[in-house]
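The following questions go through one protein model from its overall make-up down to single residues.

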Amino acid sequence: MPVYTVHAPKSLGDNVRAAPEKVVFVRDGFYVWAFLLGFLWIIRHRLWLVLLGYIVVQIAAEVALQMSRAPAIAHFVVMGVIALFLGAEAGSLRRWTLSRRKWRQIGLVAADSEEAAAQRFFERFSAANVAAAMRPATAAKMPMPHSSIAMPDAAGFFPMPGGSR
């Protein structure tokens with residue numbers, strides 16, 4: 001199931017319900033359209049510094065290949081590797097651009113589609129806000145007591161301090 005990071009502009013503050021159309025969901029994974037049509041995909045998502053870097057890398061690779069008199073297969077392989085890199089890192093490049101624009105990551109959602117991710121995020125977001133509003137202010141400031149009940153180890157890899165080995 002794909003994982004989406006949820007981003008909102010800082011100007012929105014904590015009230016993402018006020019303008020849900022400004023919230024952006026970025027899927028983590030391989031972007032086929034960025035791989036196939038990298039230049040157009042970058043323009044569509046308005047990643048201007050990424051576009052500049054992409055053009056510089058393409059020109060530098062082409063000049064280096066021309067100067068070394070590399071065969072046509074080398075051109076194909078090098079341009080394929082650049083396209084593969086762009087397809088693999090497209091989500092990270094979008095997140096980087098959003099952070100440069102002073103957007104903040106406000107959540108993480110696993111869902112089958114972007115629409116399902118939005119629905120799940122806003123359902124969970126409203127439920128968390130209702131629970132926080134119902135909690136007394138003093139309870140939120142009190143530290144959680146240390147439990148004396150032994151929790152089971154996570155598959156034995158992380159034993160509890162003072163527990164059996």
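A contact here means heavy atoms within 4.5 Å. This is a predicted model, in which local features need pLDDT of at least 70 and side-chain atom pairs count only at pLDDT 80 or more, while totals for chains, interfaces and linings use all residues. Residues are numbered from 1 along each chain as its sequence is written, and side-chain values use heavy atoms, with hydrogens and water left out.

Q: Among contacts between residues at least 6 apart in sequence, what share joins residues at least 24 apart?
A: The count covers contacts in the protein chain between residues at least 6 apart in sequence. The share that joins residues at least 24 apart is 66%.

Q: What is the mean pLDDT of the protein chain?
A: pLDDT is the predictor's confidence in each residue, from 0 to 100. A value of 70 or more is reached by 75% of the residues. Over residues 142–154 the pLDDT is below 50, and this stretch has five contacts in the model beyond near neighbours in sequence. The mean for the protein chain is 81.

Q: What is the order of the strands in the open sheet?
A: Two strands pair if DSSP finds at least two bridges between them. Strand 1 (residues 3–9) is joined to strand 3 by seven antiparallel bridges, and to strand 2 by five bridges, also antiparallel. Strand 2 (24–28) and strand 3 (103–110) each pair on one side only, as edge strands. The order is 2-1-3.

Q: Which residue of strand 3 is the bridge partner of V3?
A: Strand 1 runs antiparallel to strand 3. Within this part of the sheet, A8 stands opposite R104. The bridge partner of V3 is A110.

Q: How many of the seven residues of strand 1 are buried?
A: Buried means under 20% relative accessible area, exposed over 50%, and partly exposed in between (1.4 Å probe, protein chains only). In the protein chain, 27% of the 165 residues count as buried. Strand 1 is largely enclosed by the rest of the structure, because its buried residues number six.

Q: What is the relative accessible area of R95?
A: R95 lies in helix 4, and this helix (residues 72–100) lies across strand 1, strand 2 and strand 3. Not counting residues up to four places away in sequence, R95 touches T5, H7, V26, R27 and D28. T5 and V26 stand opposite each other in the sheet. R95 is buried, with a relative accessible area of 17%.

Q: How far apart are the end C-alpha atoms of helix 3?
A: The expected span of a helix is 1.5 Å times one less than its number of residues. Helix 3 (residues 48–67) has 20 residues, so it should span 28 Å. The distance in the model agrees, at 28 Å.

Q: Within what arc do the buried residues of helix 3 fall?
A: V50, L51, Y54, A61 and L65 are buried in helix 3. The arc is that of the directions from the helix axis to the C-beta atoms. Seen down the axis, the buried residues line one face of the helix, because they fall within an arc of 100°.

Q: Which helices do the buried residues of helix 3 pack against?
A: On the other side of helix 3, L52, V56, I59 and M67 are exposed. The buried residues pack against helix 2 (38–44) and helix 4.

Technical notes
Helix = DSSP H or I, 4+ residues; strand = E, 2+ residues; numbered from the N terminus. Axes fitted to C-alpha atoms, helices over the stretch in contact; angles between N-to-C directions.
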